[in-house]
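This briefing describes selected backbone and side-chain features of the structure shown below. Please read it alongside the sequence.

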Amino acid sequence: MPRSRDRGPGPRRVRPRGWSRPSPATPPARRSSTGLAAAALLAALLLPAAARAEIQITLQNAFVEKYKDRATIDAAFTVDKAHARPNPPASDGDLHAAGRAPEIGLAAVAEVMNAVLEIDAVDLIHQAERGGQPLQVHGVWRLWCEHGGDDEQVQGQPLQPFKTTNPPHVFEIHPLLRIGDLDLASSFQPIAGFTYKDATQAFQSYERLPSHIATGDGTVTITTRMAGYNYVDFVIRLNEEPTHLLADGLGVKAAILDTAGDLLVHERRMVAAAGTAPYARLKAMHKGEALHVLGLPRIDLSLLSWRVANNGRVAGVLDWSLPYEMVLVAAFADTPTGPDIPPAAPAPPLQPVTGAVPETSAPRTAGGEPPVPVEPVAPAVPAAPANIAEGDVMVILLKLLGQSLPPGTVRGACTFASGQRSYCATLTGPQCDQLGGAFNAGEECPPPDPAMGPATPGSPPPATPPPASPGPPAPPRGRLRGSAARS
């Protein structure tokens, strides 16, 4: 029986004189037709990237020092463009509003958590959007490269009104705690209907984010990469008594575990805003106790300030991995258990705390000099690299784009990093999670930069280079676009 690739009946080919069958040990170099088809399809889908995956954030030193030990920010926020309605719960349930505020000095997005439960807040945002008057808001400040877009964000540069709810930005007020006189603290609760990000994947990504810190005239610049994984549920085990009160909340160092009770990270700072459920739960805990929480990552300005201050004494400190902390936005009622959650030892009752615990003076060496400082967060457990290998992204994308989805499935802009570039694709939230990307329901990918050439994720060269082949055709506009880091 003929094999499927045989052409069937036809003129019989005659072998030329001297022809011999090639040795099985040295087969002729041949490119897989499946691989060629996949490469051609991806080349047609990908459009030029507008920026590298690297993002630069330049902050004023005064801003860093003011907010490094604060959970929240107050701002006169001008709403330029807001979602018409909250995201569906399956997509996170937030309502996004893009805008500007002099207290921030960066492109920003304010977000109401569990917005379907806060209709009055949604109405206030829409009124401000129509009226153009600044809205007094109070909420958790969040500096994170989830929607960075342009490869440079400079605090204090003039900003024009935004025409989209998702402009390139690294700053958010997320979640909002108050709009005008409307209290939103009750929105800090679990999101019914949302699938939280996997703790193992999320913290592996966070822990391997690179960074480079450079100082300027009254400024500090952080160079890092796009990061995703919003709303991750995990377990914290307190490494100290929760006595470090902030001006507007509480900070405590804790180990991070997955929901099965396995250790992921030795220590990071947890931050809870005053008046929220996580704040109340943390204050009642003791060292060694565990709590199941929902959190959002943000750059730790306290560690950023520490690294700049100790640059002259700690070699390479400006090139350590990205300093981050977790903001707790909900606490669950279950009792965590697992191999790395031992029963907490009895602790003496806490005395009332009226302010932050004072710092103790550094010990001195025999020569009278203070010892080399240690960063105030213990080293993390090593984890796998954050972004997907360039050789793997083609296979994953083709599989995702070929999936058949039921009618009404919510799609949005998914941005992810591959190698030195960042890309945007129209996918679903779960599909975006497979790429480790940042998902924004209902949003479109940004237009590509026509000045950039076609970009396709590459793969390591084979041991024997394949024969040269013609380049891919000019890519048409499609659903997948290489772009700046947005979602």
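A polar atom of the W320 side chain lies 3.3 Å from the backbone oxygen of G316. The model is predicted: local features need pLDDT of at least 70, side-chain atom pairs count only at pLDDT 80 or more, and totals for chains, interfaces and linings use all residues. Residues are numbered from 1 along each chain as its sequence is written, and side-chain values use heavy atoms, with hydrogens and water left out.

- W320 is located in the loop between α6 (301-309) and β16 (324-331); helices (H or I, at least four residues) and strands (E, at least two) are DSSP runs, numbered from the N terminus.
- With a relative accessible area of 29%, W320 is partly exposed; buried means under 20%, exposed over 50% and partly exposed in between, using a 1.4 Å probe and protein chains only.
- Leaving aside residues up to four places away in sequence, W320 touches S211, W306, R307, V314, A315 and E375, where contact means heavy atoms within 4.5 Å.
- R208 is 112 residues from W320 along the chain, and their C-alpha atoms are separated by 9.9 Å.

**Positive phi values**
- D92, a residue other than glycine, has a positive phi near 130 degrees.
- D92 belongs to the loop between β2 (72-82) and β3 (95-100) and counts as buried at 10% relative accessibility.
- Y229, also not a glycine, has a positive phi of about 65 degrees.
- Y229 sits in the loop between β10 (219-225) and β11 (232-238) and counts as buried at 9% relative accessibility.

**Cis peptide bond**
- The peptide bond from H174 to P175 is cis, with omega near 0 degrees, and P175 is in strand β7 (residues 169-179).

Methods. Polar contact = N/O pair within 3.5 Å; in protein donor to acceptor, adjacent residues only side chain to side chain.
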